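Colleague: I would like to go through a structure feature by feature. Please show how each one is read.

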Amino acid sequence: MKTRKGLTLRLRHPRESDFSAEAVCVFSALGTEDRSRLPCWDDRISRDPGSCSEIVEQDASNIGVKIAGKEEKVSLRDRDSLARVFQSREIAYLDISGLAHHVWAPLVRVGLEVSRELWVVYVEPSRYRPHPSPASATMFDLSTEIGGVAGLPGFANLKGAKDETKAVFVPLLGFEGMRARQVAMALDPMPPNVIPIIGVPGFRIEYPFVAVSCNQEFLDEYAAHDQVRMSRASCPFEAYRVLEDIRRDLPGAYMYLAPIGTKPQALGAVWYAIEHPDDTEIMYDHPKRRPQRTSGVGPTHVYCLKADGS
Amino acid sequence: MNTAQSLSSFFSDYRSEWEHKQFSSLFVEPTYYAKLLKNRPSLLIGGRGTGKTTALKALRFDALPDRAEGRPGATDCLGIYLRINKNRVSAFQGDELPQSEWGKAFAHYFNLLACGELCRLASWLAAEKRHSSKVLDLGLVVTSLGIQTAAPASPDTLLQALKDAVARLELFVNNPRSVERPAFSVAEAPLKHFAAALADSGLLGSATIFCCLDEYENLTVEQQSIINTYLKHSEPPLTYKIGLRRNGLKTRSTIDDNDLIATPDDYDEIDISSESFDDFARNVAALRLGRARQSGINVSDDPEAFLPELPFKEEAVKLGAAKRADQVRHDLAKHADLANWIAAKSDAELAFIKFWQAGHGGTLEELARDWQANENEWHTRLGNYGVSSLFWLSKGRKGARIRKYYSGLRTFLSLASGNIRYFLELIDVSIGVALDSSAPVPAGAEIVIAPEAQTEAAKSVAKDRLAQIEALGRHGGELRRFALAIGKVFFEFARDPAKAPETNCFVLSGEPDQRERVEGVLSDGVANQVFEVTPATKLTSPSEMRAEEYRLHPIYCPFFEFSHRRKRRATFKAESLLLVLSNPRRAIAALSGKPMSSPPTQTELAKDNADSDEESESDELPAQLAMFADFFYGGSDED
């Protein structure tokens, strides 16, 4: 199959040989989730450690990365250091499954700059951890606390909207209903347009209903039920296209993006923000992930964000 | 637009207060406004919804037409307004630069934003054709900002140059190690130069520039130190008005660590919660009703007439006092000598005997004779316990839509408890409920909001506000769990006739480390108006420590159906409250001093569906609380 931008490969049990031998593979160390690290990355380290960049530490400003076996500290706002993670190879695979948003988003930005071919890998979990005593419509127990609304490293937009009265708030909704509300509160007063995006179809057939149910209060409060747009939960390209549609429908609108739904959707939103830096602003709430928040390993998606240098 | 929508439009601006087209015609000066207008720095402290943003925005140069009309007092100040955007100011930190360098970058950013607002003020003053014999010379401002602009700089050209400078700064902030560092302006200097230029030009006249900063709590400690320096060194014709939440001032430091800001030396502190809210809110309601009346809506401009109260005896009857009174009459019928006394008593009073018996024992005959012999004592008792008895009346009234009324202007003021946004929302939702299209107002009739509609609205607002808690601050999830558990406990207390009446406050006991942890969450709750705190009064025993007394914000009371009046307090162990986070069922049992309740079984649910007077746990839980059954009954029986 010819490589092209927008292509998605779906693999049930990815093997090391599924990934180009010439490519650099960027992935996280083993985390508390089963899906955070694919077994095939261990095979890659065994076979060709020089082609691996293993992220062993993630903090607010920096990551610790073993680049070709040698560990170094990389600032998430230092384009040149981030570029070293990609080891000057033309093809790159970036597995975001075990990485926090504030880590993978700057890597995607730099990866798009320095790689001729950039693939992003995402592994679905099998199950989310149910809450033993839910105090709201949020039925899963995914975060221990919310860090607070702040941008992602390297994505600050200090200019803001030229005209706030035309702005639009676009939350990509997930299972934690309070998160959309918390981000929305940082926007007080709310922009006149609120257009939520829900992952349809979801990873599982019932998940879109769960997402609506968990966000019922948010949708009620901002009278946003009839504004909801849908994009496949596992597809960054659809999320990107939906954002383009919103831009077309609201020309000139400054877009506040809250990538708090699935990671593939967040990837689409971040990618969109990278390509539209002047009129988008990412707002993220930096949740602290609960250990073992998911279990099991579902299908692996490999998205081609850049091919043939474009 | 129908009547409901038209009337509602006068109260609906709590949703987007500033964008409201009727802002200037509906603005009411809060009671502290004169203090805010003083020509010296002020900190305006209040929770979300207390009106501080409206007060600060009302100071903006173009906010009120009154300014242009030269209304006395209004032209003495010309405000600029900046909201601290947390998403943006959070970019000025990280390991890439030393903290001091981030501080300089932030001060430069603040200078650029504030000068942008001053440019708009200058343009507005020029457009207002203020008499000025001199030219506005912005040369020093441009130099101090380290930017380039066409000479001579005008407000318009400077504004464009400022936007370019923000864009350059943005590049640097996003990539501080690779992008060339722009020249940073010095803290304070550009604003002082700008204010001086405006004064020298004559455009300012005798007015003082108020630099109004909203949501100051969004700044980091280091960033607040920088702006504190601006405040400390401010001098005419420029001063600062800072809006922030309680506990939002993270430091009193300035850039020079030894030089702290202090009140009253450096600024006035205006705590909205200690200002007279009731008069202000009453005026707000009266003005808006008056405007509605002027627009042709048949409504009284007296808020008390618009939102009638339900007297105690009428409420008791609506809540089922007649049934209880009939039981008393039936049981006492054989005592002929009590017949006249019984005949003179209202249903509410006879039901009260039943309430007293349930809580304190005795036979009905004994109690009736005691009342007959001690009218004054029972009159006092009715005063103390009457409201409490209303909550008890609802026991066993399965399926009743209203189990306690919340109506009347005084009740709404009390539920809002200093929060003007809550107050407007209560009225707005009441209008929506009362004027629902299914029950149109008869032609020509004056619109009055019935107690039923007010109560439904109060419950609806409480439910919505409860839903919001989870999104408030970093402790939102914990706060929601605390609120649900404490609300459930006070709900149970309210229905227990043996409990002290209207127990709805609490103090903490327990180990210092556990108390500290709970107080951390509660403090966040106070800042976000989920809880209220006051120094404890009326110590109940010599061993009781003088501690803070907390209560759930009264806006939640209609949801949990307990009294909104601050009355008596319970003591909660911090350990039990912390248990709410992991095992709410055990925690609620420990807090209420009752055995652990079980979730309703299928048999109980089936019984509930049948018409039975027998009470069960599921029977007691009103529909709105039953929604949280997974929480109330969540957790295991084990420790």
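Colleague: Where does A:Ser115 lie?

Modeller: This is a predicted model. In it, A:Ser115 sits in the loop that runs between α3 (101-114) and β7 (117-128) of chain A.

Colleague: Is A:Ser115 buried or exposed?

Modeller: The test is a neighbour count, and 20 or more other C-beta atoms within 10 Å make a residue buried. A:Ser115 has 24 C-beta neighbours inside 10 Å, so A:Ser115 counts as buried.

Colleague: Which residues is A:Ser115 in contact with, leaving aside its neighbours within four places in sequence?

Modeller: They are A:Phe86, A:Glu90, A:Ile91, A:Ala92 and A:Lys306. As for A:Val56, it is 59 residues from A:Ser115 along the chain, and the two C-alpha atoms are 22 Å apart.

Colleague: Which residues of α15(B) are buried?

Modeller: B:Ala321, B:Arg324, B:Ala325, B:Val328 and B:Leu332 are buried. These residues cover an arc of only 100 degrees around the axis, which means they lie on the same side of α15(B). Their cover includes α14 (312-318), α16 (339-344), α17 (347-360), α18 and α19 (375-393) of chain B.

Colleague: How does one describe a pair of packed helices?

Modeller: By the angle between the axes and the distance between them. For α15 (residues 321-332) and α18 (residues 364-373) of chain B, the axes come within 10 Å and cross at roughly 95 degrees. An angle from 65 to 115 degrees counts as roughly perpendicular, so α15(B) is roughly perpendicular to α18(B).

Colleague: Which residues of α15(B) and α18(B) meet?

Modeller: From α15(B) there are B:Val328, B:Asp331 and B:Leu332, and from α18(B) there are B:Leu364, B:Glu365 and B:Ala368. By class, this contact has 4 nonpolar, no polar and 2 charged residues.

Colleague: Last, the contact of the two chains. How many residues does it take from chain B and from chain A?

Modeller: It takes 41 residues from chain B and 35 residues from chain A. On the side of chain B that touches chain A, two or more residues each come from α6 (86-89), α9 (155-174), α22 (451-468), α23 (476-494) and α31 (629-632) of chain B.

Methods. Residues are numbered from 1 along each chain as its sequence is written. Chains are lettered from A and ligands numbered from 1 in the order in which they are written. This is a predicted model: local features need pLDDT of at least 70, side-chain atom pairs count only at pLDDT 80 or more; totals for chains, interfaces and linings use all residues. Axes are lines fitted to C-alpha atoms, for helices over the stretch in contact, and angles run from 0 to 180 degrees between N-to-C directions. Helices (H or I, at least four residues) and strands (E, at least two) are DSSP runs, numbered from the N terminus. Angles under 35 degrees count as roughly parallel, over 145 as roughly antiparallel, 65 to 115 as roughly perpendicular and the rest as oblique. Two residues are in contact if their C-beta atoms, placed from the backbone, lie within 7 Å. Ala, Val, Leu, Ile, Met, Phe, Trp, Tyr, Cys and Pro count as nonpolar, Asp, Glu, Lys and Arg as charged, and the others, Gly among them, as polar. A residue is buried if 20 or more other C-beta atoms lie within 10 Å of its own, exposed if 12 or fewer, and partly exposed in between; C-beta atoms are placed from the backbone. The arc is that of the directions from the helix axis to the C-beta atoms.
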